[in-house]
There are 2 protein chains.
Amino acid sequence: MQKQFLIAPGPTPVPEEARLAMARELMHHRGPVFKRLFGEVRKQLQWLFETQEEVLTLTCSGTGAFEAAIINFTRREDTLIAIGGGKFGERWGKIAGAYGMKVVTLDIPWGQTAKPEALRDLLAAHPECAMVTLSASETSTGTYHPVEELAAVVRAHGRALFAVDGITAVGVHRLPMDAWGIDVLVSGSQKAFGIPPGLGFVAANARAWERYESSNHPKYYFDLGRERTNHVQNQTAFTPAISLVVALHEVMKLMQTEGLEALIERHRLNACAAQAGVQALGCRLYPEVASYSTTAAVVPEGVDAQQVVRAMRDRYGVTIAGGQDHLASSVFRIGHIGFIDRSDMLIAISALEFALRDAGAKIEIGAGLRAVQNVYAQPVGQ
Amino acid sequence: MQKQFLIAPGPTPVPEEARLAMARELMHHRGPVFKRLFGEVRKQLQWLFETQEEVLTLTCSGTGAFEAAIINFTRREDTLIAIGGGKFGERWGKIAGAYGMKVVTLDIPWGQTAKPEALRDLLAAHPECAMVTLSASETSTGTYHPVEELAAVVRAHGRALFAVDGITAVGVHRLPMDAWGIDVLVSGSQKAFGIPPGLGFVAANARAWERYESSNHPKYYFDLGRERTNHVQNQTAFTPAISLVVALHEVMKLMQTEGLEALIERHRLNACAAQAGVQALGCRLYPEVASYSTTAAVVPEGVDAQQVVRAMRDRYGVTIAGGQDHLASSVFRIGHIGFIDRSDMLIAISALEFALRDAGAKIEIGAGLRAVQNVYAQPVGQ
């Protein structure tokens with residue numbers, strides 16, 4: 001037999017507490033039990049987003065939530081600057097384009113980080129810019145962008161809102177929405193939350209809600225004003241994915257018990273372990289600055305990454321992710337987001353060693369695991 | 001102790017097979033196991049929708065799915081006729097209005113059915129009409145509309161597409177999409193499917209897809225063309241609500257084992273039982289033609305429906321639904337959609353007897369249950 005492990009950048013493993021909660025009979029979403037629970041969820045989400053603002057829970061994927069974030073807080077005739085550098089960063093520009101907005105892309109070679117000065121120049125060239133979008137943790141490349149610095153640049157511009165895709169960053173990196181002046185922050189349930197996909201989250205501050213009033217994109221299901229009106233009454237505008245909300249309540253309790261600092265530190269440590277492991281096996285890190293959510297690495301010369309990913313899954317029971325689009329043959333991506341601990345990193349790197357060996361790479365068996373173990377052997381905080 | 005029962009028009013009870021499936025660890029939605037399962041789900045849905053067309057599975061509520069149905073198959077400058085007569089029928093007109101379309105409502109007093117000749121006249125007055133929308137089973141009033149006859153009227157018009165909200169009708173009433181010439185058919189997971197909310201379904205025929213090509217509403221998450229391209233490869237465009245898809249696979253197996261005729265007959269019989277039960281307790285049926293999904297009934301003079309609904313839930317453990325909007329004080333709604341059988345109808349009517357008595361109605365205790373029992377005592381098919 002071969003046990004199966006999900007160690008991808010999302011969906012992520014689901015804690016037993018949440019899985020069993022989903023196996024319970026449904027409650028009605030208009031009854032008092034749900035309202036009480038949803039009231040708690042709203043507070044839990046504010047804690048995680050580090051915000052006083054309402055965090056809206058939508059029934060959709062992260063992409064749906066980000067679409068809502070764009071179309072509720074801009075106008076059709078607005079200019080949007082999409083910070084590129086990966087599949088998701090670029091996607092937010094495509095959404096704005098689909099709504100007829102003028103889209104300017106801050107072009108960044110995949111794997112590199114957004115430079116604050118480049119954004120400053122682009123904003124200076126586009127004083128009319130109404131929104132800047134960023135994927136804080138760009139999962140397609142494993143990159144973490146300097147969110148705080150970029151937020152300061154946007155804020156200095158004065159007019160543009162800063163809308164941040166925190167889909168694989170909220171709960172992974174510190175991303176204090178209010179303190180950093182992030183105007184709109186989005187996330188998704190199948191990432192650090194460690195529950196199945198199906199819920200998206202959007203928080204927006206007063207600056208953004210002011211723009212909502214004059215937004216002219218057509219919308220109904222994704223009308224966030226209607227959602228907010230319902231949320232403050234512990235309701236959703238439309239029938240929510242009840243079982244996922246119940247699961248969310250459970251995992252948020254786990255996260256609060258762990259504490260925000262410990263949660264982030266665990267993600268950092270797992271990221272360090274994955275990075276050390278892959279590098280000890282001759283795989284170069286792909287991004288300039290690695291995210292705590294995903295380790296994207298390049299296979300050694302002559303090895304096919306797709307073959308490695310397939311072998312890890314089919315032969316060794318570990319589902320990671322391949323490289324996206326043009327990176328499919330060269331890059332693999334190990335996820336360490338959500339309820340992942342040392343054991344998962346050992347399992348992932350063990351399978352990687354075997355799969356690399358099978359693909360003909362010259363590696364020393366055990367070298368990856370030793371590197372992983374050394375990371376965890378260091379005193380906490382080192 | 002008091003057991004709890006969910007006997008509302010949705011969400012509905014979830015069979016154990018589906019609940020336990022949701023408690024399993026997640027599979028990755030880009031892996032071969034999901035693809036195989038999703039391929040089976042696609043066929044199962046075609047069986048239930050009685051169509052050769054692709055049935056798209058979206059991660060959203062039924063409202064999101066219907067919004068997608070409207071905006072993918074019309075143009076902004078189009079006229080849409082919304083058949084009213086209830087909260088949901090009217091909602092589809094509001095969506096089209098939010099997208100800037102010209103909306104004409106076929107006004108029907110709540111509780112009455114749409115008359116084919118009235119639709120014919122309205123279409124004649126609006127030869128430019130591009131889409132007619134209908135809630136087949138209007139859950140807010142418990143009404144079933146004559147879908148087949150209305151479809152024939154729309155088809156005779158020549159140009160208009162017929163988009164049917166089958167959210168509480170698919171799997172409850174026969175609704176053979178292809179045979180009746182329904183152009184677009186929508187449903188939602190928390191109704192006859194008997195799984196939690198979070199998935200919406202949209203099927204469209206060649207006439208509708210032809211319109212897709214020239215549709216000019218902005219959209220990204222709800223772009224059904226992108227979804228179809230992915231579906232035929234047993235994928236979804238964006239991360240789907242994986243655990244709900246796995247649950248869907250389970251309940252569809254249960255439905256196929258039961259068989260389509262038996263499934264519909266069970267719904268019809270439960271509806272008859274609920275109707276007989278409430279009428280034996282002095283509650284008049286609200287709709288002109290009752291749906292198999294929901295029994296909407298009017299409380300006796302001097303009784304407050306909200307008080308009855310609350311008492312049923314808080315005192316007797318049975319969650320039904322109240323009347324919507326202006327019907328809140330006068331109407332209650334018992335759901336018999338999805339995995340509901342005789343036992344549930346007995347439990348619902350028993351609780352109703354007690355709650356009506358508590359509210360001061362003069363009823364004969366046991367009269368409702370006797371009426372229910374008499375319905376089930378009749379030979380099948382009577």
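**Cysteines and a pocket**

Visitor: How many disulfides are there over all chains?
Guide: A search of the whole structure, which is a predicted model, finds 0 disulfides.

Visitor: Is A:Cys60 buried or exposed?
Guide: A:Cys60 counts as buried, because its relative accessibility is 0%.

Visitor: And B:Cys283, which cysteine sulfur is closest there?
Guide: The one in B:Cys272, but the distance is 17 Å, so that is too far for a bond. B:Cys283 is also buried, with a relative accessible area of 2%.

Visitor: Changing topic. How much space is in the second largest pocket?
Guide: About 1,300 Å³. The pocket is lined by 46 residues, and the closest to its centre are A:Lys87, A:Gln324, A:Arg333, B:His28 and B:Arg30.

Visitor: Which elements supply at least two residues of that lining?
Guide: From chain A, α3 (62–72), α4 (87–98), α12 (305–314) and β14 (321–322). From chain B, α2 (32–49) and α9 (224–231).

Visitor: Which one has the largest share?
Guide: α4(A), with 6 residues of the lining.

Visitor: How does the lining divide into nonpolar, polar and charged?
Guide: For the second largest pocket, 21 lining residues are polar, 13 are charged and 12 are nonpolar.

How values were computed
Residues numbered from 1 in each chain as written. Chains lettered and ligands numbered in written order. Predicted model: local features only at pLDDT ≥ 70, side-chain atom pairs only at ≥ 80, totals over all residues. Heavy atoms only, no water. 1 Å grid on protein atoms, 1.4 Å probe; cavity = no way out; pocket = protein on both sides within 12 Å on 5 of 7 lines; lining within 4 Å. Points joined across faces, edges and corners; volume = space filled by probe spheres on them. Helix = DSSP H or I, 4+ residues; strand = E, 2+ residues; numbered from the N terminus. Nonpolar A, V, L, I, M, F, W, Y, C, P; charged D, E, K, R; others polar. Disulfide = S-S within 2.5 Å. Buried < 20%, exposed > 50% of the residue type's maximum accessible area, 1.4 Å probe, protein only.
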